[in-house]
Amino acid sequence: MDCSRRLKFGIIGTGWIAESHVEALKQMPDVDIVAGADLIPGKAEAFFKRYGVENVRLYPSHKEMLEAETDLDAVCVCTYNKTHAECTIDALNKGLHVLLEKPMCVTTQEALDIVRAEKKSGKILSLGFQPRMDENMKMIKKVVDSGELGRIYYIQTGGGRRHGIPGSTFIEEKTAGIGALGDIGCYSLDMVLNAIGYPKPLTVSGYRSNYLGTDPEFNTPEDAARFDVDDFAAAFIRLEGGIILDFRIAWAMHLDTPGDTIIMGTKASLRIPSTECWNGSIGGPMKMYKDVAGLPVEFEFPMYPQTDNGQGIFYKKLRSFIDAIKENGTAPVPSSQILYNQAIIDGIVQSAKAGKEVEIHLEEI
Ligand SMILES: NC(=O)c1ccc[n+]([C@@H]2O[C@H](COP(=O)([O-])OP(=O)(O)OC[C@H]3O[C@@H](n4cnc5c(N)ncnc54)[C@H](O)[C@@H]3O)[C@@H](O)[C@H]2O)c1
């Protein structure tokens, strides 16, 4: 690692996820955290004190930070979803590299505006999908890339929790924009779409509901009263190349699992046990099903050993972003892919609202 070139980082939004960014950055000998911003008075100051980061210049919003700071290299956008687009576009327009937390934003239009700003800036924008750094997750893509599955034609993905509704800024439209669909759905979509090379989404027929989130006997009465996003979503999505994607996601349900992830191909299929993939792991050994000499056989893949020497997927998320900046490389998780992820999420929102299938049209940038 070349420590002669140090990078100056700013942190926008000092809530829960910013902790993992700062803990990882503190381990980097070639990074200085020099600035931080949060809308809530005193929050940024308490945050950096808590994590033992000194001499950080503090600001009451990302706008003041970007105006005042003249020699930042990069920022981590760790705000709630609703301000992802504004903070990211402002930072790119200032000529900074950006690591943006997931989901990319709330709407497809915002995602397109982000990609446009990124292209204009020539800077690196990477998205915070740390499960991609997990070796077992990587194995899914390796199996697909090996060609063993043949032509892929049907995928089922998603997952969820039985009792896992978050609180805080996640459950109101004004801060989160979308619920389980954006919060954990984006990971389930990324797990399979990344494996198959992110084909373009063409149409979406989607559904969203929030029966449990708004139920004061299931959720806390206080959170139920302010809950106005989805706690469950499902969709039937047509992808370029004649591939069908069947998706469902839940923060809460009266069920153990809405199903495993399956990738069906003309030569073989994969079953990935129902997984909390947002935690960066698969739910057990992957299984492949195929015919050998005319006989149906199946076998399990061993769980891949972790090779991170104690440095977890959050460290790798930050390190891969920093390495891309220093080596003039490309974004480890590029916006060109996550634009499609966001278009599916927004397609589900629009289709659920309209009560019918919608087409996805993305202007070229
Ligand atoms: N990668 C992961 O594993 C992971 C895990 C949890 C959350 N997240 C994502 O991280 C984001 C933040 O989640 P969180 O739990 O930390 O939320 P949070 O509400 O705890 O923190 C967000 C903070 O951003 C601040 N903020 C909003 N707009 C701002 C602006 N313009 N300038 C400065 N500060 C601003 C808010 O005041 C708040 O303190 C969400 O988008 C969430 O989806 C990612």
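Gly10 sits opposite Val75 of strand β4. The strands β1 and β4 (residues 74–77) run parallel and share 4 bridges. This is a predicted model. The briefing covers the sheet, then the helices packed on it.

**The sheet**
- The open sheet has 6 strands, ordered β3-β2-β1-β4-β5-β6, with parallel pairing.
- β3 (57–59) and β6 form the edges, each pairing on one side only.
- On average, neighbouring strands are turned by 20° against each other, direction ignored.

**Helices on the sheet**
- α1 packs on the sheet and touches β1, β2 and β4.
- The direction of α1 makes about 165° with that of β1.
- α11 also packs on the sheet, where it touches β1, β2, β4, β5 and β6.
- The direction of α11 makes about 160° with that of β5.

**Helix α11 in detail**
- α11 covers residues 313–326, 14 residues in total.
- At 1.5 Å a residue, α11 should span 20 Å; its end C-alpha atoms are 20 Å apart, so expectation and model agree.
- Buried residues in α11 are Ile313, Tyr315, Lys317, Leu318, Phe321 and Ile322.
- After α11 comes Asn328, which has a positive phi, near 50°.

Conventions
Residues numbered from 1 in each chain as written. Predicted model: local features only at pLDDT ≥ 70, side-chain atom pairs only at ≥ 80, totals over all residues. Helix = DSSP H or I, 4+ residues; strand = E, 2+ residues; numbered from the N terminus. Expected span 1.5 Å × (residues − 1). Buried ≥ 20, exposed ≤ 12 C-beta atoms within 10 Å, placed from the backbone. Pairing = 2+ DSSP bridges. Axes fitted to C-alpha atoms, helices over the stretch in contact; angles between N-to-C directions. Contact = placed C-beta atoms within 7 Å.
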